[in-house]
Amino acid sequence: MKKFGIILVLVVISGIVVAFLLANRTNDGASSPSRTSPPPSTSSEGNSATNTAEEVQITIQNFAYEPKNITVKKGTKVTWTNKDSVKHDVASDDGSAAGGPKGPLLGKGESYSHTFETVGTFNYHCTPHPYMKASVIVTE
Ligand code: CO
């Protein structure tokens with residue numbers, strides 16, 4: 001019982017010491033800038049996460065867009081890359097007037113990027129293969 005009490009006191013004391021050190025640290029002006037510097041590195045790691053994604057990749061392969069239908073936030077840059085040896089493009093169903101994509105014919109390994117600045121649903125297709133259909137939904 002007595003041993004347990006001593007251990008308890010030691011734990012409490014070390015807890016106070018740790019708390020004191022932590023409090024001292026946060027009061028230190030030098031640690032505040034180091035607190036602001038981690039976010040950039042976290043955001044670059046977070047680029048693959050959906051909520052911070054400002055760039056999305058779509059693969060054109062086997063006469064299809066993959067993923068076919070996506071939802072992105074306004075300002076997202078979408079890049080299509082053709083992996084077929086056949087040429088494909090990215091053409092808005094209603095032209096590009098409403099802010100949709102309208103790219104050139106892409107050879108194998110070539111890419112086209114479009115940044116969606118307008119909220120809405122953008123249906124697109126491939127000009128040489130009108131049955132290749134897909135869509136991008138842009139939200140606020
Ligand atoms: Co095509």
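These legends describe close-up views of a predicted model.

**View 1. The cobalt site.** Four protein side chains supply the donors of the cobalt ion: His88 through ND1, Cys126 through SG, His129 through ND1 and Met132 through SD. They lie 1.9 to 2.5 Å from the ion. The 4 donor atoms make angles of 96 to 125° at a tetrahedral site. In general, the ideal angle for four tetrahedral donors is 109.5 degrees. Along the chain, the donors follow the spacing H-x37-C-x2-H-x2-M. Cysteine 126 has a relative accessibility of 0%, so it counts as buried. Methionine 132 is buried as well, at 1%.

**View 2. Histidine 88 and its surroundings.** Histidine 88 sits in the loop between β4 and β5 (91–96). Its relative accessible area is 0%, under the 20% cut-off, so the residue is buried. Two polar contacts involve its side chain. One, of 2.9 Å, joins histidine 88 to the side chain of aspartate 84. Another, of 3.2 Å, joins histidine 88 to the side chain of histidine 129. Histidine 129 is also one of the donors of the cobalt ion. Beyond its neighbours within four places in sequence, histidine 88 is in contact with Ile60, Phe63, Asn82, Pro104, Leu105, Leu106, Cys126, His129 and Met132. Among them, Cys126, His129 and Met132 are donors of the cobalt ion.

**View 3. The aromatic cluster.** Tyr65, Trp80, Tyr112, Phe116, Phe122 and Tyr124 form one aromatic cluster. The model has 5 aromatic pairs. In one of them, the rings of tyrosine 65 and tyrosine 124 have centres 4.8 Å apart. Their planes stand at 75°, over the 60 degree cut-off, so the pair is edge-to-face. This pair links distant parts of the chain, 59 residues apart: tyrosine 65 belongs to strand β2 (residues 64–66) and tyrosine 124 to strand β7 (residues 120–125). Tyrosine 65 is buried at 3% relative accessibility. Tyrosine 124 is buried too, at 0%.

View 4. Tryptophan 80 and tyrosine 112 form a stacked aromatic pair. Their ring centres are 5.8 Å apart, with 20° between the planes. Here too the pair links distant parts of the chain. Tryptophan 80 lies in strand β4 (residues 77–82), tyrosine 112 in strand β6 (residues 111–115), and 32 residues separate them. Both residues are buried.

**View 5. Histidine 125 and aspartate 93.** Histidine 125 lies in strand β7. The histidine has a relative accessible area of 18%; this is under 20%, so it counts as buried. Its side chain makes a polar contact of 2.6 Å with that of aspartate 93. Leaving aside neighbours within four places in sequence, histidine 125 is in contact with Tyr65, Asp89, Val90, Ala91, Ser92, Asp93, Pro130, Met132 and Lys133. Among these contacts, Tyr65 belongs to the aromatic cluster, and Met132 is a donor of the cobalt ion.

**View 6. The salt bridge.** The whole structure has 1 salt bridge. It joins the side chains of glutamate 140 and lysine 74, at 3.1 Å from N to O. The two residues are 66 apart and link distant parts of the chain. Glutamate 140 is in the segment after β8 (133–139), and lysine 74 is in the loop between β3 (69–73) and β4. Glutamate 140 is exposed at 65% relative accessibility. Lysine 74 is partly exposed at 41%.

View 7. In the loop between β1 (55–61) and β2 lies asparagine 62. Its phi is near 50°, a positive value in a residue other than glycine. Asparagine 62 has a relative accessible area of 63%; the cut-off for exposed is over 50%, so this residue is exposed. Phenylalanine 63 is found in the loop between β1 and β2. Phenylalanine 63 also has a positive phi, about 60°, although it is not a glycine. Phenylalanine 63 is partly exposed at 32% relative accessibility. Proline 67 lies in the loop between β2 and β3. The peptide bond leading from glutamate 66 to proline 67 is cis, with omega near -5°.

Conventions:
Residues numbered from 1 in each chain as written. Predicted model: local features only at pLDDT ≥ 70, side-chain atom pairs only at ≥ 80, totals over all residues. Heavy atoms only, no water. Phe/Tyr/Trp six-rings, centres within 6.5 Å; stacked < 30°, edge-to-face > 60°. Helix = DSSP H or I, 4+ residues; strand = E, 2+ residues; numbered from the N terminus. Buried < 20%, exposed > 50% of the residue type's maximum accessible area, 1.4 Å probe, protein only. Polar contact = N/O pair within 3.5 Å; in protein donor to acceptor, adjacent residues only side chain to side chain. Contact = heavy atoms within 4.5 Å. Donors = N, O, S within 2.8 Å, 3.2 Å for Na, K, Ca; no water. Tetrahedral: all angles 85-135°; square planar, octahedral: opposite > 155°, others 65-115°. Salt bridge = Lys/Arg side-chain N within 4 Å of Asp/Glu carboxyl O.
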